[in-house]
Amino acid sequence: DANPYLVLAAILAGAIDGLRHESDPGQPIATLEDGDALPGIESDWGKAIATFESSSKVAEWFGRAFQSTYAESARAELHQLANTVTDAEIRAYLNSV
């Protein structure tokens, strides 16, 4: 799950950054196998937040204040969800105890 506005802003900022620095975008992805060879998105939410918070590009594109505030908010949401007992957990463990 991602904030679509933040995703779009990051795509645009990355494109502008690439144009400004004349970065090589690499070879086009022609097949699904080509795409599979690329690094994936971090699946551990805590690690993703830490990566976002320590990214120099995020700080440059969005500012340190936004970066730290967004990371703090994401950590609070992660903590809240980690401490919530889900209906699935209740169903799975209530009858087994």
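The expected span of a helix is 1.5 Å times one less than its number of residues. In this predicted model, helix H1 (residues 4-20) has 17 residues and spans 24 Å from its first C-alpha to its last, close to the 24 Å expected at 1.5 Å a residue. Helix H5, with 19 residues, reaches 27 Å between its first and last C-alpha, close to the 27 Å expected at 1.5 Å a residue.

| Helix | Residues in helix | Reach, first to last C-alpha | Expected reach |
|---|---|---|---|
| H1 | 17 residues | 24 Å | 24 Å |
| H5 | 19 residues | 27 Å | 27 Å |

**Helix H1 and its ends**

The buried residues of H1 are Leu 6, Ala 13, Asp 17 and Gly 18. They lie on the same side of H1, because they cover an arc of only 135° around the axis. Pro 4, Tyr 5, Ile 11 and Leu 19 are exposed on the other side of H1. The cover over the buried residues of H1 includes H3, helix H4 (56-62) and H5.

At the N-terminal end, H1 is capped by Asn 3, which has a side-chain oxygen 2.8 Å from the backbone nitrogen of Tyr 5. Just after H1 comes Glu 22, with a positive phi of about 50°. Most residues other than glycine have a negative phi, and most peptide bonds are trans. Glu 22 has its positive phi although it is not a glycine. Glu 22 belongs to the loop between H1 and helix H2 (32-36). With a relative accessible area of 72%, Glu 22 is exposed.

**Helix H5 and Gln 67**

In H5, the buried residues are Gln 67, Ala 71 and Ala 74. These residues are on the same side of H5, because the arc they cover around the axis is only 65°. The face turned away from that buried side carries exposed residues: Ala 65, Thr 69, Glu 72, His 79 and Gln 80. H3 and H4 are included in what covers the buried residues of H5.

Gln 67 has a relative accessible area of 2% and is therefore buried, the cut-off being under 20%. Its side chain reaches two backbone oxygens: that of Glu 53 at 3.0 Å and that of Ser 55 at 2.9 Å. Leaving aside neighbours within four places in sequence, Gln 67 is in contact with Phe 52, Glu 53, Ser 54, Ser 55, Val 58 and Ala 59.

In soluble globular proteins, nonpolar side chains tend to be buried together. Here the largest nonpolar core has 6 residues in all: Leu 6, Ile 49, Phe 52, Val 58, Ala 71 and Ala 74. H3 and H5 are the elements that give two or more residues to this core. Ala 74 touches Trp 45 and Ile 49, with residues up to four places away in sequence not counted.

**Aromatic pairs**

A pair of aromatic rings is described by the distance of the centres and the angle of the planes. The structure holds 3 aromatic pairs. One of them is formed by Phe 52 and Tyr 70, with 5.3 Å from centre to centre and 45° between the planes, a tilted arrangement. This pair links distant parts of the chain, since Phe 52 is in helix H3 (residues 45-54) and Tyr 70 in helix H5 (residues 64-82), 18 residues apart. Between their C-alpha atoms, Tyr 70 and Phe 52 are 9.1 Å apart in space. Ring pairs join Phe 52, Phe 62, Phe 66 and Tyr 70 into a cluster.

Tyr 70, in contrast, is partly exposed, because its relative accessible area of 30% falls between 20% and 50%. Apart from residues up to four places away in sequence, Tyr 70 touches Asn 3, Leu 6 and Phe 52.

How values were computed: Residues are numbered from 1 along each chain as its sequence is written. This is a predicted model: local features need pLDDT of at least 70, side-chain atom pairs count only at pLDDT 80 or more; totals for chains, interfaces and linings use all residues. Side-chain values use heavy atoms; hydrogens and water are left out. Rings of Phe, Tyr and Trp (its six-membered ring) pair if their centres lie within 6.5 Å; planes under 30 degrees apart count as stacked, over 60 as edge-to-face and the rest as tilted. Helices (H or I, at least four residues) and strands (E, at least two) are DSSP runs, numbered from the N terminus. Buried means under 20% relative accessible area, exposed over 50%, partly exposed in between (1.4 Å probe, protein chains only). Contact means heavy atoms within 4.5 Å. A nonpolar core is a set of buried Ala, Val, Leu, Ile, Met, Phe, Trp, Tyr and Cys residues joined through side-chain atoms within 4.5 Å. The arc is that of the directions from the helix axis to the C-beta atoms. A polar contact is a pair of N or O atoms within 3.5 Å; within protein, one must be able to donate a hydrogen and the other to accept it, and residues adjacent in sequence count only if both atoms are side-chain atoms.
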